[in-house]
Amino acid sequence: MAIEALDNSYAPYTNFKVGAALLTGGNHFYKGCNIENASLGAGICAERAAFARAWTDGEKKFLAVAIATDPPSFTFPCGTCRQFMAEWGTDLNVYAVKSHKSTQVLSLEELLPHRFTHHP
Ligand code: THU
């Protein structure tokens, strides 16, 4: 699904398409893609786009997220996305997807140890 999500990526400024697929505690999958903007900082990453869709549907628990890119590469989330996703804890499996058969997985705890939080 992360690879599928690349189809709707809007990345005319970097030509780096990113697709994400998020598995929630409600056993639903949500796709997200990066959406760039002429005002560069106004764009959104694929991971946060997927989380926003899930949260809007009332999902409150997140189990795993997969990230695919075009061109294919093992890409783990940017710092902003790590912090965003860590809002709900770091017990989340993060898959970098290079192809249907080639993935790497790390926990969000490994990607963002000692996350910033107001309510430890
Ligand atoms: N991007 C993501 O969608 N997720 C990340 O974790 C890293 C970066 C997007 C933002 C921008 O559209 C493009 O990749 C190049 O930085």
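A polar contact here is a pair of N or O atoms within 3.5 Å; within protein, one must be able to donate a hydrogen and the other to accept it, and residues adjacent in sequence count only if both atoms are side-chain atoms. This is a predicted model, where local features need pLDDT of at least 70, side-chain atom pairs count only at pLDDT 80 or more, and totals for chains, interfaces and linings use all residues. Residues are numbered from 1 along each chain as its sequence is written, and side-chain values use heavy atoms, with hydrogens and water left out.

I start with the ligand. One of its oxygen atoms is 2.7 Å from an N or O atom in the side chain of Glu 47. For the backbone, a ligand oxygen lies 2.9 Å from a polar atom of Ala 46, and a ligand oxygen lies 2.9 Å from a polar atom of Cys 78.

Residues around the ligand, meaning those with a heavy atom within 4 Å of it, include Thr 14, Phe 16, Val 18, Asn 34 and Glu 36. By class, that shell has six nonpolar, two polar and two charged residues; Ala, Val, Leu, Ile, Met, Phe, Trp, Tyr, Cys and Pro count as nonpolar, Asp, Glu, Lys and Arg as charged, and the others, Gly among them, as polar.

Next, helix α2, residues 46-56. Helices are DSSP runs of H or I with at least four residues, numbered from the N terminus. Helix α2 gives three residues to the lining of the largest pocket, the largest share. That lining divides into 12 nonpolar, five polar and three charged residues.

Methods:
Helix = DSSP H or I, 4+ residues; strand = E, 2+ residues; numbered from the N terminus.
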